[in-house]
Amino acid sequence: MASNAPVGKPTDMSAPHMPKVAGIDATVPGPPHTTAPLPGVPAAAPPSDAVPPPGALIQDRLAAWVSDLTTLHELTERLIRTSSLDEALREALGAGAALVGARRGMAVLEPADGLGPAATIGLGLAHADLGTIETVPRGATSYGRLLDGLPDSGRPGHVPDPIAIRDMRTEEGLDPRHREVAARLGYAASYALPLATEEAGRLGAAVWLYDEPAEPTDRQRHLIGLYGRFATEHLARLLQVERARVQISTVAEELLPSRLPRVPGVQLAARHSTGALGGGDWYDALPLPDGALGLAVGSVSGTGPSALAAMGRLRASLRAYAVMEGEDPVAVLSDLELLLRLTEPARSATALFAYAEPAQRRIVLAGAGHAPPLVVGDRRTEFVETSLSAPLGMLSCWEAPSLELSPAPGETVLLYTDGLLRRTGDAMDRAFARLHAAAASVPKADRGDPGAVADHVLRTLLPEGLDPAVDGEDVVLLAARFE
């Protein structure tokens, strides 16, 4: 760009109004991206012969704005790819440290509505360091004042200002304990930013720690302010998702047995995990007359609250049919098929019901479109060959023959839902092979405990936990060890 100032005269940068470029405030000074010197410390003077050419300052300013925009774009792109609150907090904390020129920091998630969840994470700080910082009276810390000490700090529309402590040794009004902790951990200054916006309200606060007395420059404050507002909005969205997931998980757990029954001759253990969208997988174990036991697992099509409600209705109906005619699993599933077809014609489900007599170590079972049980013992690990059948609700008349199984003493029968297989991310044939291998590898010392058997299978089959790429799939595993 050319300047209209006469050659040989310094360009007056204060007279013309600088335009606002792509959201960056033109009145904010340009880089350097370094911490500002403390008041009273003279800045290095430029060489007397360093006279910038006409227009050079404007070009430098525009280049700085472009650089800032590129930096913010890259950081926000990385943040938007995070899918959990913990991951997003860590990403925001690290990005903020780069923007303000700090090496360490901590973030506190504490929504003002008090509904949680709450979390504290650190950057460059060990767990013990975070504990040491928390020994400082909360109202004496900068992040504590942002969370608690400011009037209406939790009210939507009110966003408290950041708090900068430039020198822990000389700042007036600091709590002695705060100075002591700072000296112990080796930080000399801090900059605290509220995680709050007018729309989201207050979600928490972040504080970055400097090794030497310093504070962010005006430019750095501007950039971290822009980034902080975006990070808060992203955290607010993830907070809503997490709360919905917790609510769905709570409802699902309430619809499942609160405890497993104790029946002589058999030990029971169950493992259940609800998917992010809330699937309709379920299990049940209920004592029946004459020392018998009913075992069931199933899955309702769909996800979300409607699937949970359908799952609750289906499980309650199966319990009623099992009490009336549990010794005949085919009759139980036939009644369930008729009920589902008449009351919920648009929905399908799979189910497996087993009538067990632990004293005789005898099981009679039938399945409707469900995966076969797996028997695990010292002498064998094999799938039970159940008859092929369509899921419930997909035939005008359903009926498949039952089969009888006699587990040996010490053998464990595993009932599970398809979600366990799908969560591996593999094709079904490979998932079945992996499940078989996981069950076969149960250590001999663990085979006396059905809970240990279930835990080993889950750890081996899903070593990194549930595959996040498979949405909406619950995991159900019901283990019955016969004595």
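This is a predicted model: local features need pLDDT of at least 70, side-chain atom pairs count only at pLDDT 80 or more; totals for chains, interfaces and linings use all residues.

Residues are numbered from 1 along each chain as its sequence is written, and side-chain values use heavy atoms, with hydrogens and water left out.

Let me begin with the sheet. Five strands form an open sheet in the order E6-E15-E14-E11-E12, with antiparallel pairing. Strands here are DSSP runs of E of at least two residues, helices are runs of H or I of at least four, and both are numbered from the N terminus; two strands pair if DSSP finds at least two bridges between them. Strand E6 (266–273) and strand E12 (381–383) are at the edges with a single partner strand each, so one side of each has no neighbour in the sheet. From one strand to the next, the twist averages 15 degrees.

Within this sheet, strand E11 (residues 374–376) and strand E14 (residues 412–416) run antiparallel and are joined by three bridges. Val375 has Val413 in E14 as its bridge partner. Helix H10 (residues 428–440) lies across E11, E12 and E14, at about 150 degrees to E12. Contact means heavy atoms within 4.5 Å; axes are lines fitted to C-alpha atoms, for helices over the stretch in contact, and angles run from 0 to 180 degrees between N-to-C directions.

I turn now to the loops. Which bond joins Gly116 and Pro117? The two are joined by a cis peptide bond, with omega about 0 degrees. Pro117 belongs to the loop between strand E1 (104–109) and strand E2 (119–123).

Asp290, although not a glycine, has a positive phi of about 65 degrees, and is placed in the loop between strand E7 (280–288) and strand E8 (292–300). Arg361, also a residue other than glycine, has a positive phi near 50 degrees and sits in the loop between strand E9 (349–357) and strand E10 (362–368).

Are these residues buried or exposed? Asp290 is exposed, at a relative accessible area of 81%, whereas Arg361 is partly exposed, at 29%. Buried means under 20% relative accessible area, exposed over 50%, and partly exposed in between, with a 1.4 Å probe and protein chains only.Finally, the pocket: strand E4 (189–197) and helix H6 (218–255) each supply at least two residues of the lining of the second largest pocket.
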